[in-house]
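Please look at the sequence and the model below before reading on. The report that follows goes from the meeting of the two chains to the parts of a single chain.

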2 protein chains.
Amino acid sequence: MRLIVIGFGVVAQSFAKLLLSRSAELYSEHGIKPRIVACVDKGGCAISPAGLNLQRLLEAKKSKGTVAFYDKAGSKFDPMQIIENVDAEVVLEATPTNLEGGEPGMTHIISAMRTGKNIISVNKGPLALAFPSLMELANYNGVMFRFSGTVGGGTPILEFAKRCLKGDRITSFRGILNGTTNYILSKMEEGLTYDSALDDAKQKGYAEAIPSLDTDGYDAAAKLVIMANWIMGMKVTMKDVDRRGISDVKLSDVKKAKQNNSAIKLIAACNNKRLDVKPTEVPKIDPICVNGTLNAVSFSSEHSGQQTIIGRGAGGIETASAILRDLIEIRDHVFEHSN
Amino acid sequence: MRLIVIGFGVVAQSFAKLLLSRSAELYSEHGIKPRIVACVDKGGCAISPAGLNLQRLLEAKKSKGTVAFYDKAGSKFDPMQIIENVDAEVVLEATPTNLEGGEPGMTHIISAMRTGKNIISVNKGPLALAFPSLMELANYNGVMFRFSGTVGGGTPILEFAKRCLKGDRITSFRGILNGTTNYILSKMEEGLTYDSALDDAKQKGYAEAIPSLDTDGYDAAAKLVIMANWIMGMKVTMKDVDRRGISDVKLSDVKKAKQNNSAIKLIAACNNKRLDVKPTEVPKIDPICVNGTLNAVSFSSEHSGQQTIIGRGAGGIETASAILRDLIEIRDHVFEHSN
């Protein structure tokens, strides 16, 4: 299978490393031999129809800051030229999430679909802003559109809901979808003020310099939108989420909750077709009441009861493992239908 | 699809109710129209090649204590005659778990395989005692052998490990696999002695009159064996488990753990090809440290980190939903290969 990789940050680099380290097993266990035939970042691109040498690609990125130095020349094609003109079965969209307009990921995904390429996106922006129309476009063009890494990092939250409860019906779900805010709230439970906890999260690399994507609940809301569309069949976007972040949570609120054997968590919930993200008091005994950077989601289903899945919600290698799952699924589907 | 149901206790009755209540969706969403063509319990059997009327079947069981009263006559065939002579695609083995010899389930499963019928077992006994050879026999006879309901009740622990982590490798797992002992230990944490907690569990219907299957760790060990074979590819049986139950756990041990922000749990673990079931001190902050009758399993995988799944480990309707998942999987497989 030939892949075009758009965006070569931590996650995409981890994916390249994963392909390097697991290539033998991928072939022997899954009959899959992925080749990255083009890779684009802000500085330029690297192209090789026979498949890029991933070791060299990673070294170029590390030593020179861009994959453009893979060859002496450093090709100057832009992502759109690559997507439209390079032959490949799959495009991996791994540019940064932008929740205002979704660009440049939105255009990349649409172009890839129009040229008949299957898509794996780890970029939440286009999905949060236009899930229903992107899914329609994918169906219209007969391509697969997968995005396991957008929710839960390496924790297979979307797969669990979609595959493990066949024959049953999920009626609602709720959980912690953002590790940064969960870390901050956990630190406040230990006695830190909001500002000190935020500084601590920044120091540890959990929070961005401008942390509002996390602290104002946008990241959790984007994931909630993806889950509501994919799992519940709703047709919703960011504007359908009633969203409140954690910046108003006071240390006194956190202490009060603790006295009740509870904790304040930023809970994203889909219930009766309503989508909410807001700070909520959760009993310690509830399985979703996890600490640190963990994510947790509880699904309520009609027959098999309430089930919770917990894992790290981020991380380069973890999210790369989600990309690999998507790739195997696309391969299985393409293979099945070409038989 | 035609099913033979052997054993008609709580789980099999819940399954019949589930088929009754969901028949329209099963057909519209999964293209599946299951018919129970024979049902056997201790009192006799009911047979109808066109499919038994499930309402009447459930009423016969409820009012007369056996399905033999479904017809005026009450057929007197035994399970082996039914399995060998009634045409069906699937046999559901739902007789009680027996960990000493595995009968009568063992013979039922072997006969069904030999006559080319796919098997769904909710009976742990035969699997715990002879998983490797039963799986070999299933492969030899070209039939599918599924047993989702044997671990976790309705919580899809086996499916999660097998399907949601494709392309990754589970390196170890540990968890709480028995709800009864977890209930007893949770009650001891609230201050009850072992004996009072056990009495309470009996009163609530969580523990049997002779509770040693649970309290001595046999049930957890049986589930551990099933998981080790299915998920890790090990070839093991009950005798490979190092097993210790909870009857020696003292209230003072539980109190001491509580002071350490921990709790004593009956942990089943598969680590470095070693299988253990034993009371273990677990930090409260560990996601598997759940209370009451909940089950919880954490999987450690090579790339996607540690992931935990939590849910009720038992219950009629929950386990029935696991049978339905198995049935859909068998249908998908049979359909795919007959295409």
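## How the two chains meet

In this predicted model, 35 residues of chain A are in contact with 35 residues of chain B, where contact is defined as two residues having their C-beta atoms, placed from the backbone, within 7 Å. Residues are numbered from 1 along each chain as its sequence is written, while chains are lettered from A and ligands numbered from 1 in the order in which they are written. Since the model is predicted, local features need pLDDT of at least 70 and side-chain atom pairs count only at pLDDT 80 or more, whereas totals for chains, interfaces and linings use all residues.

On the side of chain A that touches chain B, at least two residues each are supplied by α1 (10-30), α6 (157-163), β12 (305-312) and α12 (316-338) of chain A; these names refer to DSSP runs numbered from the N terminus, with helices (H or I) of at least four residues and strands (E) of at least two. β12(A) gives the most to this side, with 8 residues. By class, the residues of the side of chain A that touches chain B are 14 nonpolar, 14 polar and 7 charged, where Ala, Val, Leu, Ile, Met, Phe, Trp, Tyr, Cys and Pro count as nonpolar, Asp, Glu, Lys and Arg as charged, and the others, Gly among them, as polar.

β12(A) is joined by 5 bridges to strand β12 (residues 305-312) of chain B, and the two run antiparallel; strands are said to pair if DSSP finds at least two bridges between them. Within this pairing, A:Ile310 stands opposite B:Thr308 in β12(B).

## Inside chain A

| Domain of chain A | Residues |
|---|---|
| domain 1 | 2-152 + 317-338 |
| domain 2 | 157-313 |

The centres of domain 1 and domain 2 of chain A, taken over C-alpha atoms, are separated by 28 Å, and 15 residues of domain 1 of chain A are in contact with 18 residues of domain 2 of chain A. On the domain 1 side, α5 (125-141) and α12 of chain A are the elements that give two or more residues, and α5(A) provides the largest share, 6 residues.

An open sheet of 6 strands in chain A has the order β3-β2-β1-β4-β5-β6, with mixed pairing, and its edge strands, β3 (44-47) and β6 (145-146) of chain A, each pair on one side only. Strand β5 (residues 118-121) of chain A runs parallel to β6(A), to which 2 bridges join it, and the bridge partner of A:Ile120 in β6(A) is A:Arg146.

Helix α7 (residues 179-189) of chain A is mostly covered, with 10 of its 11 residues buried, a term that requires 20 or more other C-beta atoms within 10 Å of the residue's own, these atoms being placed from the backbone. Just after α7(A), A:Gly191 takes a positive phi of about 120°.

Technical notes:
Domain bounds come from an automatic or database domain assignment. A residue is buried if 20 or more other C-beta atoms lie within 10 Å of its own, exposed if 12 or fewer, and partly exposed in between; C-beta atoms are placed from the backbone.
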